Structures are given as structure tokens and as C-alpha cells.
Amino acid sequence: MSILIIKNLEEPQGLVLGERGLIGRRPFNMIMVPDPDVSRIQAGSVQREGGYHLFDAGSRAGTWVNDQKVIRPHVLAEGDVIRIGPATILYSDAAELPGDIAPLQSPPVPPTTDPYDGGIYFDCACGGPMWVAAEWAGKMGKCRYCGRRLVVPHR
């Protein structure tokens with residue numbers, strides 16, 4: 001297990017990572033960053049091959065790790081600093097939160113459709129988070145991360 005600590009709050013908060021998590025401005029993300037420059041789903045983390053991989057979900061503003069823009073999946077390492085909009089997030093290989101960090105209440109499992117605008121969320125087999133407009137349901141597409149052809153699921 002690993003943890004994320006959101007540093008730039010009055011009271012830093014953190015959470016223990018599961019197999020998959022999303023970061024963005026919608027309330028169903030694991031970490032919600034309510035800022036207009038942050039995408040619905042800005043980034044996603046996936047546990048695979050013994051570590052956590054951070055993906056940018058095609059955001060306009062970009063996701064940054066250690067002041068480097070995330071262009072392809074980034075394998076997170078102890079002490080990495082993730083920047084998404086105004087949020088600064090610290091990654092640690094620790095199994096539990098330090099005693100002085102308040103636990104962040106993560107939302108339930110993200111929906112497969114966006115309750116706000118009907119877009120469809122799904123993951124590619126490579127772990128990359130995908131969001132498409134509802135009219136793409138059932139159509140062929142290509143993963144922006146691995147190039148794999150995929151079919152957009154129906155809601």
C-alpha cells in the first residue's frame with residue numbers, strides 16, 4: 001500500500017491508495033480539486049507491476065510530477081510531488097497515514113457515467129482512465145496511453 005497527502009490545505013489530509021483512484025474536480029473523484037482549471041477527471045492512479053502508475057487523463061492544464069509534465073504513465077516513487085491545479089500532493093510508500101495527517105474521506109466507487117453531463121468513464125486494459133461523450137458509446141476508439149484499439153462501453 002501507499003499513501004497520498006494533500007499538502008496545501010489548512011489541515012493536511014491524506015488517504016491510503018487502493019488499486020485505482022481518480023483525481024479531478026468532480027465530487028466522485030478520490031481527491032476532489034474544486035478549481036475551474038482542473039478537468040472532470042484530471043489524473044488517475046493504477047496499481048500494477050508492484051507499483052503505482054500515475055496517468056494524466058488528457059487534461060488541458062496538465063498533471064505534473066516533480067515539476068515535469070506527465071506525458072506518459074509515470075511510476076510513482078517515494079517523495080514524488082504531484083501538482084494538479086492548485087493542489088500539491090505528496091506520494092509516499094508508507095502503509096498508513098502519519099498520526100498528524102487527517103484521513104480524507106474518499107467517495108464511493110466512481111460511477112460509470114457522469115451524473116452531470118452523461119459522459120462515460122472506463123479504463124483501458126493498460127489502466128489508463130478514459131472519459132468520452134455519451135454519443136461515443138459502442139464506437140471504436142484508441143487509448144491515448146497505449147494505442148490499443150477499444151470499444152467504448154454503453155452506459
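In which strand is Asp 56 found? Asp 56 belongs to strand β6, which covers residues 51-56. The model is a predicted one, and every value below is computed from it.

- Asp 56 has a relative accessible area of 11%, and the cut-off for a buried residue is under 20%, so Asp 56 counts as buried.
- The side chain of Asp 56 makes a polar contact of 2.7 Å with the side chain of Ser 59.
- A polar contact of 2.6 Å links the side chain of Asp 56 to that of Thr 63.
- When residues up to four places away in sequence are not counted, Asp 56 touches Gln 42, Ala 43, Gly 62, Thr 63, Val 70 and Tyr 145.

**The open sheet**

- Seven strands form an open sheet with mixed pairing, in the order β8-β7-β10-β11-β1-β2-β12.
- The edge strands of this sheet are β8 and β12, the latter at residues 102-103, and each of them pairs on one side only.
- In general, the strands of a sheet pair through backbone hydrogen bonds, in either a parallel or an antiparallel sense.
- Strand β2, residues 13-16, pairs with β12 in the parallel sense over two bridges.
- The bridge partner of Gln 13 in β12 is Ala 102.
- Strands β7 and β10 run antiparallel and are joined by two bridges.
- Trp 64 has Arg 83 as its bridge partner in β10.

- β10 and β11 make up a hairpin with two residues between them.
- Gly 85, in the turn of this hairpin, has a positive phi of about 55°.

- Asn 66 is placed in the loop between β7, residues 64-65, and β8, residues 68-69.
- Asn 66 is a residue other than glycine, yet its phi is positive, near 50°.
- The relative accessibility of Asn 66 is 38%, so Asn 66 counts as partly exposed.
- Asp 67 is found in the loop between β7 and β8, and its phi is positive at about 65° although it is not a glycine.
- With a relative accessible area of 60%, Asp 67 is exposed, because the cut-off for that class is over 50%.
- Gly 79 lies in the loop between β9, residues 74-75, and β10, residues 81-84.
- Gly 79 is partly exposed, with a relative accessible area of 36%.
- Leaving aside neighbours within four places in sequence, Gly 79 is in contact with Asn 66, Leu 90 and Tyr 91.
- Gly 79 and Tyr 91 are 12 residues apart along the chain, and their C-alpha atoms are separated by 5.5 Å.

**The largest pocket and Ile 41**

- The largest pocket has a volume of about 230 Å³.
- Its lining consists of Arg 25, Ser 39, Arg 40, Ile 41, Ala 57, Gly 58, Ser 59, Arg 60, Met 130, Trp 131 and Arg 144.
- These lining residues divide into four nonpolar, three polar and four charged.
- Ser 59, one of the lining residues, is also the side-chain polar partner of Asp 56 at 2.7 Å.
- Ile 41, another residue of the lining, is found in the loop between β4, residues 31-32, and β5, residues 43-48.
- Ile 41 has a relative accessibility of 9% and so counts as buried.
- Not counting residues up to four places away in sequence, Ile 41 touches Leu 22, Ile 23, Gly 24, Asn 29, Ala 57 and Tyr 121.
- The C-alpha atoms of Ile 41 and Val 16 are separated by 19 Å, and the two residues are 25 residues apart along the chain.

Key. Residues are numbered from 1 along each chain as its sequence is written. This is a predicted model: local features need pLDDT of at least 70, side-chain atom pairs count only at pLDDT 80 or more; totals for chains, interfaces and linings use all residues. Side-chain values use heavy atoms; hydrogens and water are left out. On a 1 Å grid over the protein atoms alone, a cavity is a set of points where a 1.4 Å probe fits but cannot get out, and a pocket is an open set with protein on both sides within 12 Å along at least five of seven lines; lining residues have an atom within 4 Å of a point. Grid points are joined across faces, edges and corners, and a volume is the space filled by probe spheres set on the points. Ala, Val, Leu, Ile, Met, Phe, Trp, Tyr, Cys and Pro count as nonpolar, Asp, Glu, Lys and Arg as charged, and the others, Gly among them, as polar. Helices (H or I, at least four residues) and strands (E, at least two) are DSSP runs, numbered from the N terminus. Buried means under 20% relative accessible area, exposed over 50%, partly exposed in between (1.4 Å probe, protein chains only). Contact means heavy atoms within 4.5 Å. Two strands pair if DSSP finds at least two bridges between them. A polar contact is a pair of N or O atoms within 3.5 Å; within protein, one must be able to donate a hydrogen and the other to accept it, and residues adjacent in sequence count only if both atoms are side-chain atoms.
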